[in-house]
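Q: Can we go through this structure together? I'd like to take it step by step.

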Amino acid sequence: MAVSGKPGSVKGGCSFGRAVNFSRKHHKGGLRVRNVATRLPETQVSPETQVSPEKGGGNERKLAAWTSIRQERWEGELAVQGEIPLWLNGTYLRNGPGLWHIGDYNFRHLFDGYATLVRLHFQDGRLIAGHRQIQSEAYKAAIKNKKLCYREFSEVPKADNFLSYVGELASLFSGASLTDNANTGVVRLGDGRVVCLTETIKGSIIIDPDTLETMGKFEYSDTLGGLIHSAHPIVTESEFWTLLPDLVKPGYIVVRMEPGSNERKVIGRVNCRGGPAPGWVHSFPVTEHYVVVPEMSLRYCAQNLLRAEPTPLYKFEWHPLSKAFMHVMCKASGKIVASVEVPLYVTFHFINAYEEKDEDGRVTGIVADCCEHNADTTILDKLRLHNLRSFSGEDVLPDARVGRFTIPLDGSPYGKLEAALNPDEHGRGMDMCSINPAYLGKTYRYAYACGAQRPCNFPNTLTKLDLVEKKAKNWFDEGSVPSEPLFVARPGATEEDDGVVISMVSDKNGEGYALLLDGRTFEEIARGKFPYGLPYGLHGCWVPKK
Ligand SMILES: CC(=O)/C=C/C=C(C)/C=C/C1=C(C)CCCC1(C)C
Ligand SMILES: CC(/C=C/C=O)=C\C=C\C=O
Ligand SMILES: [Fe+2]
């Protein structure tokens, strides 16, 4: 059965009203695994489609990764090459900013696009895909009014006149003008609810993993307030941790939420050691007993939040003289057990962290790994759509590495930051990482990420990192852009890398496919082709079969 969609009904204009309350009522699409016919999607391609010459040939490249693909609702079964393991039963969900224009107005930055969900449902060796836009207030208002209505990562709505500008400033302080475009990640909470997220707290949106329908806002029932949080909470069956940066009294509030609850409880607070504002916390790591709070010298900037035009570092500023720190908080007591100065660093994504113990089992230090951009903020500029769409064959992706922090717990004032393996192993590109979730916060050996085969302007390989042997295995499809690899363990597995790695690839012919690699060998085991090209997407999650 083909499921076709009509564009969602659009309500509300460029007014900053109250969020729609989450209603638990939702209709289930059910499993459509029989006689699923594919249907040509309702696709809108941005006028800025990339056309650049192939290396050594005159062929046009039609990579769809950076073009808007609007799907109000598409679903179909994918033809599979290779074999999907029969044990792989469940749904992979990927979120990302896959729609980067309103009418003929094109957005500037990768992070500005409207949230787009892609779904891969694996059942008994078959693969059913879905693709749908998240119906955020920001998206609905843009479609209805044919203009930007909320503040996105780099885009700001035009103030029609001075009075509306003053009103806009007021609405910025109340948070009303901030976007709820939940375009960064998607997590499955311990209680089974699936939430899409961005860095604004109001951009926490519940979706139905079967139909990709937008169910409503995830409303926090506590009185903590705040406008922004880390884009990547730590989520397990029993734990939910996140950080709330405090821009007024520079610091971070560490909060925890129990499964089944919407109430965040404050566990503790970290005061920043540098200033003038907290460092950007897109993500952070935890160990079994500690929360690691990074304080990067790329800091939020109140003035930049107010500016109408983007600055080179958008809402942030680089303050190398303010130094960089790593703080460690005890999960149980909320006490800070270490706060060390570390070399300057730039990261979006922490990979994992674990505790190091002496022979008596006492914790002596913390190791925390991240995708580290060699303390170079230019990566933010490289993620501008113009740069992503204009690859000329020249190598322009700045070098990155697996940055390994070592944080002593003996009161020493300094921590270390070194490469965990030679970055040439993964082509000196490094971002969009995952691990076997059973190893979260524990000593681990393997990580999966996107690396580089140069020349390139964006990470273009999938890489399996062996952090013990300090080696990487790389997967590469010339001219393609793969998205974050997600590891799914085989039920009953005892080895850390016994499972599959799922990614989605936008290829050089303008096509898109779901890719399955064997976790151990990192060789392809199956792929399922979409009937149209896929836009790039950021982060995903796995929803096991009910
Ligand atoms: C897609 C991604 O990785 C990051 C998205 C970040 C966003 C949308 C950040 C938005 C913000 C504002 C609209 C104003 C306040 C600051 C900040 C959280 C950067
Ligand atoms: C895609 C990306 C960085 C790539 C650089 O190598 C960062 C994404 C950040 C948000 O999730
Ligand atoms: Fe991210």
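Q: What kind of model is it, and what should I know before starting?
A: It is a predicted model; local features need pLDDT of at least 70, side-chain atom pairs count only at pLDDT 80 or more, and totals for chains, interfaces and linings use all residues. Residues are numbered from 1 along each chain as its sequence is written, chains are lettered from A and ligands numbered from 1 in the order in which they are written, and side-chain values use heavy atoms, with hydrogens and water left out.

Q: Which residues coordinate the iron ion (ligand 3)?
A: H232, H282, H349 and H539 do, each through NE2, at 2.1 to 2.2 Å. Donors here are N, O and S atoms within 2.8 Å of the metal (3.2 Å for Na, K and Ca). Water is not among the atoms, so sites may look incomplete.

Q: How are those donor residues spaced in sequence?
A: The pattern is H-x49-H-x66-H-x189-H. Take the pair H232 and H349, which links distant parts of the chain, 117 residues apart. H232 is in the loop between β12 (214–217) and β13 (234–235), while H349 is in strand β22 (residues 347–357). Strands (E, at least two residues) and helices (H or I, at least four) are DSSP runs, numbered from the N terminus.

Q: Are H232 and H349 buried or exposed?
A: Both H232 and H349 are buried. Buried means under 20% relative accessible area, exposed over 50%, and partly exposed in between (1.4 Å probe, protein chains only).

Q: On to ligand 2. What are the closest residues around it?
A: F111, H282, H349, P459 and H539 are the closest of the 13 residues that surround ligand 2. To count, a residue needs a heavy atom within 4 Å of the molecule.

Q: What distances separate polar side-chain atoms from the oxygen atoms of ligand 2?
A: For H349 the distance is 3.2 Å. For H539 it is 2.8 Å. An N or O atom in the side chain of H282 is 3.1 Å from an oxygen atom of ligand 2. A polar contact is a pair of N or O atoms within 3.5 Å. Within protein, one atom must be able to donate a hydrogen and the other to accept it, and residues adjacent in sequence count only if both atoms are side-chain atoms.

Q: Where does ligand 2 sit?
A: Ligand 2 sits in the largest cavity. β22 and β26 (431–434) are the elements that give two or more residues to the shell around ligand 2. On a 1 Å grid over the protein atoms alone, a cavity is a set of points where a 1.4 Å probe fits but cannot get out. A pocket is an open set with protein on both sides within 12 Å along at least five of seven lines. A molecule sits in either one if more than half of its atoms lie within 2 Å of its grid points.

Q: And ligand 1, which residues are closest?
A: R151, N183, T184, T198 and H282 are the closest of 15 surrounding residues. The protein covers 98% of the 500 Å² of accessible area that ligand 1 has on its own. That area comes from the Shrake-Rupley method with a 1.4 Å probe. Ligand 1 takes up the second largest pocket.

Q: New topic. Which peptide bond is cis, ending at P276?
A: The bond from G275 to P276 is cis, with omega near 5°. P276 is in the loop between β16 (264–271) and β17 (290–295). A cis bond also joins R454 and P455, with omega about 5°.

Q: Why point those out?
A: Because most peptide bonds are trans, and most residues other than glycine have a negative phi.

Q: What is phi for M432?
A: Phi of M432 is near 60°, a positive value in a residue other than glycine. M432 is in strand β26.

Q: Why does M432 count as buried?
A: Because the relative accessible area of M432 is 7%.

Q: What about F522?
A: F522 has a positive phi of about 60° although it is not a glycine. F522 counts as buried too, at 5% relative accessibility.

Q: Last one: which side chain does D210 contact?
A: A polar contact of 2.9 Å joins the side chains of D210 and K546. D210 counts as buried because its relative accessibility is 11%.

Terms used:
On a 1 Å grid over the protein atoms alone, a cavity is a set of points where a 1.4 Å probe fits but cannot get out, and a pocket is an open set with protein on both sides within 12 Å along at least five of seven lines; lining residues have an atom within 4 Å of a point.
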